[in-house]
Structure formats: structure tokens, C-alpha cells
Amino acid sequence: MPVQLDDTDIAIINSLMQDGRKSFRAISREIKVSTPTVKARYERLVNIGLIKSVRPEIDFSKIDTRSRKQFTPADAQALKKKQFHKTEDLRIKMQCDFCGGPISSKPKVLKFANIERFFCCTSCRNNYKEKYGGRIQSIVEQYREEQKAKSSRRP
Ligand SMILES: [Zn+2]
């Protein structure tokens with residue numbers, strides 16, 4: 001017997017098609033259906049074979065193809081076909097999350113909750129921390145609450 005999709009199924013599919021990395025919790029908030037329902041519906045959509053996979057969408061323009069000694073013709077060929085070729089030296093172009101300039105040396109990283117931000121220098125990192133301190137704090141607190149809720153739900 002064919003399975004009939006309802007509005008919830010369709011809302012979940014549309015939400016995941018925008019961004020397949022979303023958590024069930026995020027989808028639940030977005031479409032106003034409980035997290036266990038989202039999870040159950042998602043699993044059913046997988047089980048009936050409608051959702052075959054959730055794939056990353058790669059921004060190939062981020063790959064730095066200039067002046068790479070080990071960037072081989074095979075790598076270039078693969079990228080043209082939007083695939084990755086195994087390589088020793090595949091670099092991603094990075095922009096400073098504070099000043100927007102290119103990051104040419106090792107990025108200065110700021111980690112909070114499950115987020116990482118990348119900077120060209122320590123002063124950009126410090127300025128970012130200063131400017132967004134309140135926002136960072138609330139993200140960290142929300143993340144902690146979510147982690148707590150997750151671990152307490154485990155049997
Ligand atoms: Zn910067």
C-alpha cells in the first residue's frame with residue numbers, strides 16, 4: 001500500500017533540502033513539531049526509501065587552486081567534475097571572520113560551543129571576542145543546556 005505523505009513529512013523534507021546538517025531539534029523548532037516526531041518521521045522517510053541519503057553540498061569555489069606544488073592535473077580534472085581527487089595538498093581559501101581579509105598563514109581559531117571561527121591575526125580574534133562577547137556567551141549557555149538535556153534523556 002502506498003504511504004501517504006502529510007504536511008509534516010513535506011515540511012521535514014523541505015527543511016532538510018535547504019540544509020541537510022540540521023539537527024532534529026532545529027527542524028522541530030522550525031516547523032513547530034516535537035523533536036521525537038521529527039526523528040520518527042525522518043526515519044520513516046528513510047525506511048520507505050524516499051530519503052536515500054543526506055549529502056554535503058561542497059563550495060568548490062573555496063578550493064585554492066593557485067600556486068599549489070602538489071595540485072596535480074588529476075586534481076584539477078576531478079574538481080571540474082565536482083569531485084575530490086585524493087591529494088596531499090588540497091587547501092581551502094579562508095577569510096578572516098572579523099576583517100574579511102584573506103588568511104594567508106595558519107589561522108587563529110576561536111572555538112566556542114560547537115562553533116569555530118577563523119581569523120587572520122590575534123587582534124582580529126580579540127576584536128571579534130570583544131564585539132560578540134554577549135552573543136558568544138548565550139550560544140555557549142544554550143549549547144550547554146542542549147548537551148545536558150541530551151545526556152539526561154539517555155537511559
Ligand atoms: Zn582579520
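I started with a term: helices (H or I, at least four residues) and strands (E, at least two) are DSSP runs, numbered from the N terminus. K32 lies in the loop between helix 2 (24-31) and helix 3. I kept in mind that this is a predicted model.

**Entry: the whole chain**

I looked up the elements next. The protein chain has 6 helices and 4 strands. Along the sequence, I read the pattern α-α-α-β-α-β-β-β-α-α. I then checked burial. Of the 155 residues in the protein chain, 8% are buried. Residues 24 or more positions apart account for 35% of them.

**Entry: helix 1 and helix 2**

I noted that two packed helices are described by the angle between their axes and the distance between the axes. So what angle do helix 1 and helix 2 pack at? I found about 120°, with the axes 10 Å apart. Helix 1 and helix 2 are therefore oblique to each other. The crossing of helix 1 past helix 2 is right-handed.

I listed the residues that meet. Helix 1 brings A11, I12 and S15, and helix 2 brings I27, E30 and I31. By class, I have 4 nonpolar, 1 polar and 1 charged in this contact.

**Entry: helix 2 and helix 3**

I moved along the chain. The axes of helix 2 and helix 3 cross at roughly 110° and come within 8 Å. That makes helix 2 roughly perpendicular to helix 3, because angles of 65 to 115 degrees count that way. I wrote this crossing down as right-handed.

Which residues of helix 2 meet helix 3? F24, R25, I27 and S28 do, and their partners in helix 3 are T35, V38, K39 and Y42. The contact of helix 2 with helix 3 divides into 4 nonpolar, 2 polar and 2 charged residues.

**Entry: helix 1 and helix 3**

Helix 1 (residues 7-18) and helix 3 (residues 35-47) have axes that come within 10 Å and cross at roughly 85°. That makes helix 1 roughly perpendicular to helix 3.

In helix 1, I found T8, D9, I12 and I13 at this contact. They meet T37, V38, R41, Y42 and L45 in helix 3. By class, the contact of helix 1 with helix 3 has 5 nonpolar, 2 polar and 2 charged residues.

**Entry: R21**

I went back to a loop. R21 sits between helix 1 and helix 2. Is R21 buried or exposed? I counted 9 C-beta neighbours inside 10 Å, so R21 is exposed. I also looked up a distance from R21. The C-alpha atoms of R21 and V54 are separated by 8.1 Å. Along the chain, R21 and V54 are 33 residues apart.

K32 is not a glycine, yet its phi is positive, about 60°. I have K32 as exposed, with 8 other C-beta atoms within 10 Å.

A113 also went on my list. A113 has a positive phi of about 45° and is not a glycine. Where is A113? I found A113 in the loop between strand 3 (108-112) and strand 4 (115-119). A113 has 15 other C-beta atoms within 10 Å, so I put it down as partly exposed.

Conventions. Residues numbered from 1 in each chain as written. Predicted model: local features only at pLDDT ≥ 70, side-chain atom pairs only at ≥ 80, totals over all residues. Axes fitted to C-alpha atoms, helices over the stretch in contact; angles between N-to-C directions. Parallel < 35°, antiparallel > 145°, perpendicular 65-115°, else oblique. Contact = placed C-beta atoms within 7 Å. Nonpolar A, V, L, I, M, F, W, Y, C, P; charged D, E, K, R; others polar. Buried ≥ 20, exposed ≤ 12 C-beta atoms within 10 Å, placed from the backbone. Left-handed = near helix turned anticlockwise from the far one by under 90°.
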